[in-house]
Amino acid sequence: MEVVDDPIRVQTLVGKEAVPPQYVQPLETRPQRIVGNGNDNDNDEPSPPVIDLSKGSSVREQLERACRDWGAFHVINHGVPVELLGEMRRLGRSFFEDCTMDQKLSYGCDPNSPASEGYGSRMLVASNDTVLDWRDYYDHHTLPLSRQNPSKWPHFSPNYRKVVADYSDQMNSLAEKLLCLISESLGLPSSCIRDAIGEFYQNITVSYYPPCPQPELTLGLQSHSDMGAITLLIQDDVGGLEVLKDGKWVLVNPLCDAIFVILADQTEMITNGQYKSAPHRAITNGKKARLSVATFHDPAKMKIISPAFEPPKYRPVRYGDYVSSWYTQGPEGKRNVDALLI
Ligand SMILES: O=C(O)CCC(=O)C(=O)O
Ligand SMILES: [Fe+2]
């Protein structure tokens with residue numbers, strides 16, 4: 001296996017006047033908007049729907065529309081204490097901003113293993129000539145509990161490990177609840193998608209996007225869809241997450257108490273393409289650092305995923321094989337799940 005050097009953390013580039021050439025996107029993938037200058041959101045631009053989970057009877061209908069039209073939506077009244085969302089954001093930010101680089105590097109992830117836990121900067125990179133993302137991150141392995149080893153997580157704050165463990169529990173329950181509702185919205189038994197995924201493999205990734213001297217040339221995270229079943233994301237008030245809707249990039253409004261739900265590739269497969277995974281990306285800005293916390297819920301590597309409808313439109317795939325092809329080919333704006341279409 002090719003041995004990869006430990007990547008430069010983007011935070012160490014802050015203060016430069018220009019971005020190094022490896023971070024410059026080709027013309028066709030450069031962002032079309034600059035956030036943080038007061039005209040972030042085009043008034044005519046549609047916004048992802050907001051679904052109130054406490055509104056019993058209409059929730060399934062709203063979910064159905066949001067899943068078909070967007071593959072992504074906000075949920076409010078989701079049952080997760082909003083103080084916990086705030087604590088997770090605060091502690092996540094504190095790691096990046098209050099720890100020294102030496103402290104942070106003592107948690108550095110293994111650059112030779114694609115999904116290793118810890119502090120890194122090059123997660124979605126397929127080859128050495130891929131344009132780099134303007135992002136640093138901290139990835140935590142949280143579920144199943146046999147993968148959870150809090151001694152590997154930052155200990156600069158006495159609360160950090162407890163907050164991450166509580167956050168993991170809460171996201172797990174919400175992901176289960178949403179997959180049940182999503183199954184029901186398609187007339188499937190409520191446990192259908194949940195059972196098709198099996199035991200959740202959950203990762204929590206805190207992404208930190210330092211201010212960028214040339215936001216018009218860069219992306220914080222290149223276009224991709226998430227590989228697993230369902231992603232639950234919170235962000236701060238800076239804004240920069242975009243989802244692709246009818247061929248256009250639409251900004252996801254930061255809603256402080258909401259959780260943003262992103263359908264991922266295995267849910268597209270199981271629903272036989274009735275609900276598509278949502279391509280999304282993050283843009284950067286010149287003034288403020290931006291933070292997001294994404295919680296991924298994936299099947300086990302050995303799990304075979306196949307559509308729950310006849311006739312199937314996708315070939316069955318072992319999840320581990322799907323992941324390996326993703327890491328060797330990279331997202332590069334393609335929809336990897338399309339490769340499984342029959
Ligand atoms: O930072 C964001 O808003 C997006 C993060 C994301 O898409 C990911 O980590 O897969
Ligand atoms: Fe993502």
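These legends describe close-up views of a predicted model.

**View 1. The protein chain as a whole.** The protein chain holds 7 helices and 14 strands. Its radius of gyration is 19 Å, close to the 20 Å given by the globule rule for 342 residues, so the chain is as compact as a globular protein of that length. Along the principal axes, the C-alpha atoms fill a box of roughly 55 × 50 × 40 Å. Of the 342 residues, 43% count as buried. Among contacts with a separation of 6 or more, 78% join residues 24 or more positions apart.

**View 2. The surroundings of ligand 1.** Residues around ligand 1 include Thr 205, Ser 207, Asp 226, Gln 235, His 280 and Ser 292. Leu 221, Leu 233, Leu 241, Ala 282 and Ala 294 are also among them. Strands β5 (201–209), β7 (230–235), β11 (280–282) and β12 (290–298) each give two or more residues to this shell. By class, the shell has 5 nonpolar, 5 polar and 1 charged residues.

View 3. UniProt, in an unreviewed entry, lists residues 199–299 as "domain: Fe2OG dioxygenase". Over these residues the chain is 6% helix and 45% strand. The end C-alpha atoms of the segment are 6 Å apart.

**View 4. Helix α1 and what covers it.** Helix α1 spans residues 59–69, and Leu 63, Ala 66 and Cys 67 in it are buried. Seen down the axis of α1, the buried residues fall within an arc of 95 degrees, so they line one face of the helix. An α-helix has 3.6 residues a turn, so residues three or four places apart point the same way. The cover over the buried residues of α1 includes β1 (50–52), β2 (72–76), α4 (160–185) and β10 (259–263). After α1 comes Gly 71, with a positive phi near 70 degrees.

**View 5. Two cis peptide bonds.** Leu 143 and Pro 144 are joined by a cis peptide bond, with omega about -5 degrees. Pro 144 is in the loop between β4 (136–143) and α4. The peptide bond from Glu 310 to Pro 311 is also cis, and omega there is near -10 degrees. Pro 311 lies in the loop between β13 (304–305) and β14 (317–318).

View 6. Asn 77 has phi near 50 degrees and sits in the loop between β2 and α2 (82–98). Asn 77 counts as exposed because it has 12 C-beta neighbours inside 10 Å. Asn 272, in the loop between α6 (265–270) and β11, has phi near 60 degrees. With 17 other C-beta atoms within 10 Å, Asn 272 is partly exposed.

Technical notes. Residues are numbered from 1 along each chain as its sequence is written. Chains are lettered from A and ligands numbered from 1 in the order in which they are written. This is a predicted model: local features need pLDDT of at least 70, side-chain atom pairs count only at pLDDT 80 or more; totals for chains, interfaces and linings use all residues. A residue is near a molecule or strand if its C-beta atom, placed from the backbone, lies within 6 Å of it. Helices (H or I, at least four residues) and strands (E, at least two) are DSSP runs, numbered from the N terminus. Ala, Val, Leu, Ile, Met, Phe, Trp, Tyr, Cys and Pro count as nonpolar, Asp, Glu, Lys and Arg as charged, and the others, Gly among them, as polar. The radius of gyration is taken over C-alpha atoms; the globule rule is 2.2 Å times the number of residues to the power 0.38. A residue is buried if 20 or more other C-beta atoms lie within 10 Å of its own, exposed if 12 or fewer, and partly exposed in between; C-beta atoms are placed from the backbone. Two residues are in contact if their C-beta atoms, placed from the backbone, lie within 7 Å. UniProt positions are given in the numbering used here, feature names are shortened, and annotations may be inferred rather than shown by experiment. The arc is that of the directions from the helix axis to the C-beta atoms.
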